[in-house]
Amino acid sequence: MPATMLKAAIAGAALAPASAGLGYWRRIAKKSSNPDYRCYQAVGDGFHSVAIFDSGYVDIGVAVTDTLVAGVSEHNYHLHVGWDRDTEQCGADFTGGHYDPTRACGGASDALCLNDAGERVKGFAYDGAGVPDTAKCGNAPWLQDNCEVGDLSGRAGKVPVAGATVTSYYFPNFAKDFQENNELEMDEDGGRIREPAEWSSLVMHCDTAGCSARVGCAKYEEVSCYKVAPTFDELYGARPGRRALRGN
């Protein structure tokens with residue numbers, strides 16, 4: 001995918017597929033008035049994301065347009081629960097852990113992943129030793145639903161610099177769980193209030209030696225589907241979630 005096209009998305013260009021005619025725009029406008037059709041956008045320094053919720057089906061495109069860290073050619077990326085509008089920092093104190101409403105419980109999940117002794121533990125799909133391959137989180141289609149809902153790179157694979165990925169699944173609570181500028185809350189004992197699960201931001205990571213765990217972040221905002229759905233179709237391609245909704 002040409003980097004110039006990805007950068008056009010970051011600039012906010014409302015692009016449409018080259019073959020789009022008036023009928024295409026009419027369909028987008030009609031769906032935009034449907035309360036079960038919601039769109040979200042996150043724009044960071046060198047990366048961009050559009051998420052589309054359509055009657056329970058979710059498609060999330062993530063693109064990296066520029067080098068985020070010298071010498072690093074691909075990145076992990078996840079939906080995180082928090083965003084502090086005053087600091088706009090990426091650390092765990094501000095963006096929290098991964099959005100994990102189903103308690104798949106990866107190592108960075110923000111869910112209440114506790115054993116009977118009250119200790120944080122990993123879930124079966126992320127535990128490693130002794131776990132059947134068919135039960136692990138992975139980007140093969142039959143493994144993706146083992147992953148956290150917010151573990152986008154676990155589901156779709158790492159995103160390369162000057163490249164893009166699409167993560168798709170069915171999760172009816174996705175739109176309800178969105179909270180813009182979701183500041184993390186503490187209970188009266190000073191512990192984090194972790195549930196009910198919400199999502200608010202995109203955090204870019206890398207695991208390469210010498211690369212910090214969190215190399216970029218951006219908050220999601222709910223935006224007009226009329227603006228970003230054509231951008232999604234042009235930059236990220238066909239939406240698997242939309243195909244599933246249509247039954248083809």
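**Entry 1: helix H5**

I looked up where helix H5 (residues 225-235) lies in this predicted model, and found it across strand E1 (37-44), strand E2 (47-54), strand E3 (57-64), E6 and strand E8 (214-223). H5 runs at about 70° to E1. For the angle I note that axes are lines fitted to C-alpha atoms, for helices over the stretch in contact, and that angles run from 0 to 180 degrees between N-to-C directions. Contact means heavy atoms within 4.5 Å. Helices (H or I, at least four residues) and strands (E, at least two) are DSSP runs, numbered from the N terminus.

I then checked how covered H5 is: eight of its eleven residues are buried. Buried stands for under 20% relative accessible area, exposed for over 50%, and partly exposed for what is in between (1.4 Å probe, protein chains only). Among the buried residues of H5 are Val228, Phe232 and Leu235. Just after H5, I found Gly237 with a positive phi of about 90°.

**Entry 2: model notes**

I keep in mind that the model is predicted, that local features need pLDDT of at least 70 and side-chain atom pairs count only at pLDDT 80 or more, while totals for chains, interfaces and linings use all residues. Residues are numbered from 1 along each chain as its sequence is written, and side-chain values use heavy atoms, with hydrogens and water left out.

**Entry 3: the sheet**

In what order do the strands of the open sheet stand? I read eight strands in the order E5-E4-E7-E8-E1-E2-E3-E6, with antiparallel pairing. Strand E5 (159-160) and strand E6 (163-170) stand at the edges with a single partner strand each, so one side of each is left without a neighbour in the sheet. Two strands pair if DSSP finds at least two bridges between them.

Next I followed strand E4 (residues 74-80). Two bridges join E4 to E5, and the two run antiparallel. His75 stands opposite Val159 in E5. With strand E7 (residues 201-205), E4 pairs over five bridges, also in the antiparallel sense. The bridge partner of Asn76 in E7 is His205. I also noted that E4 is mostly covered, with six of its seven residues buried.

**Entry 4: salt bridges**

I used this rule: a salt bridge is a side-chain nitrogen of Lys or Arg within 4 Å of a carboxyl oxygen of Asp or Glu. The count comes to nine salt bridges.

Which residues are linked with Asp110 in a network of salt bridges? I found Arg192 and Arg194. Between Arg192 and Asp110 the closest N and O atoms are 2.7 Å apart. That pair links distant parts of the chain, with Arg192 in the loop between E6 and E7 and Asp110 in the loop between helix H3 (92-95) and helix H4 (152-156), 82 residues apart. Between Arg194 and Asp110 the closest N and O atoms are 3.3 Å apart. Arg194 lies in the loop between E6 and E7 and Asp110 in the loop between H3 and H4, so this pair ties together parts that are 84 residues apart in sequence.

Is Asp110 buried or exposed? Asp110 is buried, at a relative accessible area of 4%. Arg192 is partly exposed at 21%, and Arg194 is partly exposed at 23%.

Last, I looked up Asp133 and Lys136, whose side chains meet in a salt bridge (3.6 Å, N to O). Asp133 is exposed, with a relative accessible area of 59%, whereas Lys136 is partly exposed at 28%.
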